[in-house]
Amino acid sequence: MEKKQTAGRDILGEFAPKFAELNDDILFGEVWSRVEELSSHDRSMITVSALIAGGNFEQLTPHLHKAKKNGVTRNEVSEMITHLSFYVGWPKAWSAFNIAKDIFK
């Protein structure tokens with residue numbers, strides 16, 4: 001069983017309690033737990049791709065750690081970022097690679 005997500009409450013709970021609740025209970029509690037519909041591995045690959053596409057690199061680091069925990073390999077991440085570079089931009093790929101290489105040493 002995966003550890004209950006508390007990052008929303010830990011980081012934003014006082015400032016934005018409803019957002020923190022939705023983050024921890026709905027997104028990471030209900031949506032991420034639907035593994036029969038889509039595996040955690042695949043959800044991680046989709047999420048990482050979306051974060052790279054949007055240039056959301058602050059959130060990319062924790063999601064790459066989660067992806068690694070969910071069985072996404074270094075080779076898969078490398079191939080995913082290489083593929084994305086042609087669709088979302090070369091600079092975003094460079095930024096993503098610089099984060100990923102530290103996580104997948």
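Okay, hi everyone. Before we start, this is a predicted model, where local features need pLDDT of at least 70 and side-chain atom pairs count only at pLDDT 80 or more, while totals for chains, interfaces and linings use all residues. Residues are numbered from 1 along each chain as its sequence is written, and side-chain values use heavy atoms, with hydrogens and water left out.

When I say helix, I mean a DSSP run of H or I with at least four residues, numbered from the N terminus.

Let's begin with the core. A nonpolar core here is a set of buried Ala, Val, Leu, Ile, Met, Phe, Trp, Tyr and Cys residues joined through side-chain atoms within 4.5 Å, and buried means under 20% relative accessible area, using a 1.4 Å probe and protein chains only. The largest one has 18 residues, and among those with the most contacts inside it are Val48, Leu60 and Ile81. Which elements give two or more residues to this core? They are helix H3 (40–54), H4, helix H5 (74–88) and H6. H6 gives the most, with five residues. As background, in soluble globular proteins nonpolar side chains tend to be buried together.

Let's zoom in on isoleucine 81. Leaving out residues up to four places away in sequence, isoleucine 81 touches Ile52, Ala93, Ala96, Phe97 and Ala100; touching, or contact, means heavy atoms within 4.5 Å.

Now, the helix pairs. H3 and H5 pack at an angle of about 35 degrees, and their axes are 10 Å apart. Axes are lines fitted to C-alpha atoms, for helices over the stretch in contact, with angles from 0 to 180 degrees between N-to-C directions. On the H3 side you'll find His41, Met45, Val48, Ser49, Ile52 and Ala53, meeting Glu76, Met80, Ile81, Leu84 and Val88 in H5. That contact divides into eight nonpolar, two polar and one charged.

Next pair: helix H4 (residues 57–69) and helix H6 (residues 90–103) have axes that come within 10 Å and cross at roughly 45 degrees. So H4 is oblique to H6, oblique being whatever is left after under 35 degrees (roughly parallel), over 145 (roughly antiparallel) and 65 to 115 (roughly perpendicular). The residues that meet include Leu60 and Leu64 in H4, and Ala96 and Ile99 in H6.

Last one: asparagine 23, in helix H2 (residues 17–31). Buried or exposed? Asparagine 23 is buried, because its relative accessible area is 18%. Not counting residues up to four places away in sequence, asparagine 23 touches Gln5, Gly8 and Phe28. Thanks, everyone!

Notes. Buried < 20%, exposed > 50% of the residue type's maximum accessible area, 1.4 Å probe, protein only. Nonpolar A, V, L, I, M, F, W, Y, C, P; charged D, E, K, R; others polar.
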